[in-house]
Amino acid sequence: MPSDALQGKVSGRLAKTLGFQTVSTIYVNNPYGSGLSKTFSQTLSEHGGKVVATVAYEEGRPSYRGELEQALKGKPQAIALFSYPENGVTIIRQALELGFTGKFLLADGMKAPEVVHNVGVQYLKGTYGTTPGSREGNAKARFVEAYTKQFGEKPPKPYIDNCYDAIAVLALAVHHAKSSEPKAIRDALRQVANPPGEAIEPGDFQHAFDLISQGQKINYRGTSGEVDFDDHGDVVTPIEVWKIDDHGMIVTERLEDV
């Protein structure tokens, strides 16, 4: 998974691109939410916009009117909501009940069909969001084809492809290390996922195991993108900008590099 800081930067730039000069952020009070809110706010400020309120919320409450009243004091053009569906839907509904007529800007946690269904297409059409993305390519096409054959639909939510790649790299590293000890796996990750080496894609695992057993180098190229680990152990991917269209479908607008 890429760092949330990458997504926060693209989200901040997106707000300015959409013409939002004043924005309030409402975020779930955990590292995910606070990290996105912080990076978003810094980036929007760097691009000439202004965050008029930054409000944290706790999960599982029936009402967020107090938090919304704080967020709406500065009359923002948009609310950047860094949340999950179970609370995010409540926050959006209550914002509308309080008379908010601006736009919402969402992130990966809210990229879910049930959000549109539970709030209503008429309120969310035209809403933009961000999520870690992946380049179109053979690896992604193979994964989507296999997933659709197995489950009868294309992967509907974020991180399905990232999870698949995580398990794949883990399995390849265990085989390379000939051990399930954490440190051994850690030290083997770059040996199976970073170049150089023979390219391995989803579905090529038996061939990959054979190459590793022969002492040959492999380079796993994932469905979520190139799974290359940097010196800090992070992977870098493009960020997808998505939109809810007039029919309530979540569609990809573009990919942005950070």
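Strand S7 (residues 218-222) pairs with S6 in the parallel sense over 3 bridges, where strands (E, at least two residues) and helices (H or I, at least four) are DSSP runs numbered from the N terminus, and two strands count as paired if DSSP finds at least two bridges between them. Within this pairing, isoleucine 200 has tyrosine 220 in S7 as its bridge partner. The model described here is a predicted one, in which local features need pLDDT of at least 70 and side-chain atom pairs count only at pLDDT 80 or more, whereas totals for chains, interfaces and linings use all residues. Residues are numbered from 1 along each chain as its sequence is written, and side-chain values use heavy atoms, with hydrogens and water left out.

S6 and S7 belong to an open sheet of 3 strands, ordered S6-S7-S8 and mixed in its pairing. S6 and strand S8 (225-226) form the edges of this sheet, and each has a single partner strand, so that one side of each is left without a neighbour in the sheet. Helix H8 packs on this sheet and touches S7 and S8, its direction making about 165° with that of S7; contact here means heavy atoms within 4.5 Å, and such angles run from 0 to 180 degrees between N-to-C directions, the axes being lines fitted to C-alpha atoms, for helices over the stretch in contact.

A second open sheet contains 7 strands in the order S2-S1-S3-S4-S5-S9-S10, again with mixed pairing. Its edges are strand S2 (50-57) and S10, each of which has a single partner strand, so one side of each lacks a neighbour in the sheet. Direction ignored, neighbouring strands of this sheet are turned by 20° against each other on average. Strand S1 (residues 22-28) is joined to S3 in the parallel sense over 5 bridges, and valine 23 stands opposite alanine 78 in S3. Helix H1 packs on the sheet through S3, S4, S5, S9 and S10, and its direction makes about 160° with that of S5. Helix H3 (residues 65-72) lies across S1, S2 and S3 and runs at about 170° to S2.

Helix H1 (residues 4-17) comprises 14 residues and reaches 20 Å from its first C-alpha to its last, close to the 20 Å expected at 1.5 Å a residue, the expected span being 1.5 Å times one less than the number of residues. H1 is followed by glycine 19, whose phi is positive, near 90°. An α-helix has 3.6 residues a turn, so residues three or four places apart point the same way. In helix H2 (residues 31-46) lies threonine 43, which is buried at a relative accessible area of 7% and which, apart from its neighbours within four places in sequence, is in contact with Gly8, Lys9, Gly12 and Arg13.

Several backbone features fall in loops. Most residues other than glycine have a negative phi, and most peptide bonds are trans. Lysine 75, in the loop between H3 and S3, has a positive phi of about 50° although it is not a glycine, and at 71% relative accessibility this lysine counts as exposed. Lysine 178, in the loop between helix H8 (160-177) and H9, likewise has a positive phi, of about 55°, and is exposed with a relative accessible area of 73%. Proline 195 and proline 196 are joined by a cis peptide bond with omega of about 0°, and proline 196 lies in the loop between helix H9 (182-193) and strand S6 (198-200).

For the chain as a whole, the secondary structure comes to 10 helices and 10 strands, and buried residues make up 45% of the 258 residues. Among contacts between residues at least 6 apart in sequence, 68% join residues at least 24 apart.

Note on methods
Buried < 20%, exposed > 50% of the residue type's maximum accessible area, 1.4 Å probe, protein only.
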